[in-house]
Amino acid sequence: MKAAIVILTDAQSGSDEATGRVFNALAAAQDFKQRGANVQVVFQGAGTRWPSVLANREHPAHGLYESVKDLVGGVSCGCADVFGATGDVEACGLELATDLAIPGTRGLASIAGWIAKGYTVLTF
């Protein structure tokens with residue numbers, strides 16, 4: 001079993017829905033991890049703002065994030081640039097993914113690349 005969990009929801013929205021989406025994405029990653037699956041978490045789009053928010057010990061999903069942080073397969077570089085999250089992502093020590101060349105960006109994480117490697121892609 002192989003799964004790529006892509007987090008697109010925006011941390012800055014401040015909504016319960018956004019928190020619920022990221023919480024459920026991380027819970028799904030934990031579920032796959034406990035089952036011995038090959039799972040990767042990818043932050044893309046406005047979701048690139050989440051790592052620095054989740055790193056805050058006061059956030060309700062912090063503990064869950066810490067339990068699956070080793071599964072973070074990358075943060076979309078071009079998206080982090082667009083959404084002003086690059087510095088925060090780098091401060092968190094996460095890798096910026098640049099495997100999809102997109103004009104006007106430094107590259108993005110490639111969803112087609114995950115599928116080509118046999119991953120089922122789940123978006124939150």
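Reader: Hi! Which residues have the most contacts inside the largest nonpolar core?
Author: Hi! In this predicted model, the residues with the most contacts inside that core are Ile-7, Leu-26, Phe-43, Trp-50 and Leu-54. The core has 31 residues.

Reader: Okay, and which elements give two or more residues to this core?
Author: Those elements are β1 (2–7), α1 (16–34), β2 (38–43), α2 (50–54), α3 (62–68), β3 (72–76) and α4 (77–82). The largest share comes from α1, with seven residues.

Reader: Which residues does the second, separate core include?
Author: The second core has seven residues, including Ala-4, Val-6, Ala-97 and Tyr-119.

Reader: Let's zoom out. How many helices and strands are there in the protein?
Author: The protein has six helices and five strands. Along the sequence, they follow the pattern β-α-β-α-α-β-α-α-β-α-β.

Reader: And how compact is the protein?
Author: It is as compact as a globular protein of that length, because its radius of gyration is 13 Å, close to the 14 Å that the globule rule gives for 124 residues. If you like to picture a box, the C-alpha atoms fill one of roughly 35 × 30 × 25 Å, taken along the principal axes.

Reader: What percentage of the residues is buried?
Author: Buried residues make up 47% of the 124 residues. As for the surface, the protein exposes about 6100 Å², and carbon and sulfur atoms supply 51% of that area.

Reader: Where does Ala-28 lie, and is it buried or exposed?
Author: Ala-28 lies in helix α1. This residue is buried because its relative accessible area is 17%, which is under the 20% cut-off. Not counting residues up to four places away in sequence, Ala-28 touches Ile-5 and Phe-124.

Reader: Now Gly-47. Where is its place, and what does Gly-47 touch?
Author: Gly-47 is in the loop between β2 and α2. Setting aside residues up to four places away in sequence, Gly-47 touches Ile-7, Leu-8 and Thr-9. Gly-47 is buried too, with a relative accessible area of 0%.

Reader: One last residue! Is Ser-52 buried or partly exposed?
Author: Ser-52 is partly exposed, at a relative accessible area of 28%. You can find Ser-52 in helix α2. Not counting residues up to four places away in sequence, Ser-52 touches Asp-88 and Cys-92. C-alpha to C-alpha, Ser-52 and Asp-88 are 5.8 Å apart in space, and in sequence they are 36 residues apart.

Reader: Oh, and charges: how many positive and negative ones are there?
Author: The protein has 9 positive and 12 negative charges, and the mean positions of the two groups are 6 Å apart.

Methods:
Residues numbered from 1 in each chain as written. Predicted model: local features only at pLDDT ≥ 70, side-chain atom pairs only at ≥ 80, totals over all residues. Heavy atoms only, no water. Helix = DSSP H or I, 4+ residues; strand = E, 2+ residues; numbered from the N terminus. Rg over C-alpha atoms; globule rule 2.2 N^0.38 Å. Buried < 20%, exposed > 50% of the residue type's maximum accessible area, 1.4 Å probe, protein only. Areas by Shrake-Rupley, 256 points an atom, 1.4 Å probe, with all protein chains shown as cover. Lys, Arg positive; Asp, Glu negative; His and termini not counted. Charge placed at Lys NZ, Arg CZ, Asp CG, Glu CD. Core = buried A, V, L, I, M, F, W, Y, C linked by side-chain atoms within 4.5 Å. Contact = heavy atoms within 4.5 Å.
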